[in-house]
Every structure is written in structure tokens, then in C-alpha cells.
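Student: I am new to this structure and would like to examine it with you. May we begin once it is displayed?

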Amino acid sequence: MLTALALGACGKPRQDAVAAVEAAADTADQLLIGLTQYITQDGVRKAYLEADSAFLYENSGRAELKTVKVTFFAEAGDTSSVVTGKSGSYDWRTGRMEAREDVVVVLSNGGRLTTSVLRYDQLRNELSTDQHYVYTAPDRQMEGDGFVTDPALSVFRTTRPRGTAGSFTLPGQ
């Protein structure tokens with residue numbers, strides 16, 4: 001009876017992580033360990049994608065990724081930002097990517113942005129989210145409920161901003 005009470009107190013059983021990976025591997029067309037890929041546009045290197053593993057689904061043209069890192073490059077070829085996340089997806093037909101779970105963006109200027117989901121649209125060369133984010137840089141502290149920006153975060157449109165930027169306080173403070 002004590003065992004039954006202990007099991008009942010645990011709530012819903014957690015999905016076995018190994019079983020989840022095996023199920024994904026069973027439905028994927030290919031499983032890659034240690035994926036690396038340059039993403040280019042008109043012959044110009046835009047980003048470098050790395051993932052510990054990738055489940056490729058050829059019919060839909062997408063890959064589900066584990067432990068994702070994307071390095072974005074500026075026009076001069078230097079690194080503008082690096083995005084990391086625990087998981088993600090990449091649609092190689094549309095050039096759209098998504099990083100999920102503990103997403104961190106580190107900028108070459110020392111800035112750092114955290115959120116739960118971050119999307120990249122290659123055709124528009126835009127990063128965006130509709131989730132809460134926090135952005136910290138040497139001269140500003142900002143948070144909000146979503147944004148659209150370029151990979152260098154130089155042109156930033158945000159929803160419901162809060163915080164400070166330089167010498168002024170953002171609206172709503």
C-alpha cells in the first residue's frame with residue numbers, strides 16, 4: 001500500500017528521454033550525428049549551423065535538431081551573433097530555423113539575449129519571437145513580449161518594451 005501511495009504522489013509519469021529519441025529515430029528518414037552546415041544566400045555565407053544530432057524528414061524538407069548552435073555572419077564576414085538552444089528545427093526548403101528551450105543569443109558587441117523560442121527567416125534575414133525575452137548589453141537593459149530584428153540586433157522592433165536604453169527609460173516604466 002505504501003508503494004501505491006508513493007507512485008500516486010508522483011503524478012503523471014515522465015516520458016523516458018531515450019524512448020522519445022528512439023521514437024523520433026524510427027520515424028526519421030535519416031539520423032545524423034554531428035551535423036554541420038553552411039547557410040548561404042547568393043553565394044554569400046549567412047550562417048553556420050551546428051547540432052549534436054539531426055533527424056531528417058525528407059518528404060517535409062525539415063530536420064529536428066538537438067543541441068543547436070547557429071553562428072551568424074555580417075556582410076564583412078565577421079561574426080555578428082551566436083544563437084544556442086537545446087533543440088530546434090530547420091526547414092531547408094524555406095530557409096527557416098527555430099531554436100527552442102533556453103535560447104541564448106550572444107552578440108559580438110557583448111550583448112546577450114535570452115528567450116524560450118527564437119525563429120530565423122533566411123529570406124528576410126530576420127530573427128523574431130513572440131515570447132518574453134531579456135536583452136542585456138553594456139549600455140542597455142531591456143525586456144519585452146516579442147521582437148523582430150536582424151541577426152546583429154541593430155534594428156530592433158519590440159512589443160511592450162521595458163527597461164533602460166542608454167540615458168533614457170523606455171516607455172511604460
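Student: Which residues touch the most other members of the largest nonpolar core?

Tutor: A nonpolar core is a set of buried Ala, Val, Leu, Ile, Met, Phe, Trp, Tyr and Cys residues joined through side-chain atoms within 4.5 Å. Buried means under 20% relative accessible area, exposed over 50%, and partly exposed in between, with a 1.4 Å probe and protein chains only. The largest such core holds 29 residues, and those that touch the most other members are L49, L65, V70, V83 and Y135.

Student: Which strands each supply at least two residues of this core?

Tutor: Helices (H or I, at least four residues) and strands (E, at least two) are DSSP runs, numbered from the N terminus. By that numbering, the strands that each supply at least two residues of the core are strand 1 (30-41), strand 2 (44-57), strand 3 (62-73), strand 4 (79-91), strand 5 (96-107), strand 6 (112-121) and strand 8 (133-137).

Student: Where is confidence lowest in the chain?

Tutor: Strand 6 has the highest confidence, at 95. Over residues 1-9 the pLDDT is below 50, and this stretch has 0 contacts (heavy atoms within 4.5 Å) beyond near neighbours in sequence. Where pLDDT is low, the predicted coordinates should not be read in detail. Confidence is lowest, at a mean of 43, in helix 1 (residues 2-9).

Student: Which residues does L65 of the core touch, not counting residues up to four places away in sequence?

Tutor: L65 is one of the core members that touch the most others. Leaving out residues up to four places away in sequence, L65 touches L35, L49, A51, S53, A54, K86, S87, G88, S89 and Y90.

Student: Is Y135 buried or exposed?

Tutor: Y135 lies in strand 8 and is in contact, apart from neighbours within four places in sequence, with L107, N109, G111, R112, L113, R140, Q141, M142 and L153. Because its relative accessible area is 4%, Y135 is buried.

Student: Is P138 buried or exposed?

Tutor: P138 is found in the loop between strand 8 and strand 9 (140-144). Not counting residues up to four places away in sequence, P138 touches N109, G110 and G111. Its relative accessibility is 71%, so P138 counts as exposed.

Student: Is T71 buried or exposed?

Tutor: T71 is found in strand 3. Residues up to four places away in sequence aside, T71 touches K46, A47, Y48, T79, S81 and V82. Since its relative accessible area is 10%, T71 is buried.

Student: What is the relative accessibility of Q122?

Tutor: Q122 lies in the loop between strand 6 and strand 7 (126-129). Beyond its neighbours within four places in sequence, Q122 is in contact with I39, T40, Q41 and G95. Q122 counts as buried because its relative accessibility is 9%.

Student: What is the phi of N125?

Tutor: N125 is in the loop between strand 6 and strand 7. N125 is partly exposed, with a relative accessible area of 27%. Although N125 is not a glycine, its phi is positive, at about 55°.

Student: What is the phi of E101?

Tutor: E101 is found in strand 5 and counts as partly exposed, at 44% relative accessibility. E101 is a residue other than glycine with a positive phi, near 70°.

Student: How many helices and strands does the chain have?

Tutor: The chain has 173 residues, and buried residues make up 35% of them. Its secondary structure comes to 2 helices and 13 strands.

Conventions
Residues numbered from 1 in each chain as written. Predicted model: local features only at pLDDT ≥ 70, side-chain atom pairs only at ≥ 80, totals over all residues. Heavy atoms only, no water. pLDDT = per-residue confidence, 0-100.
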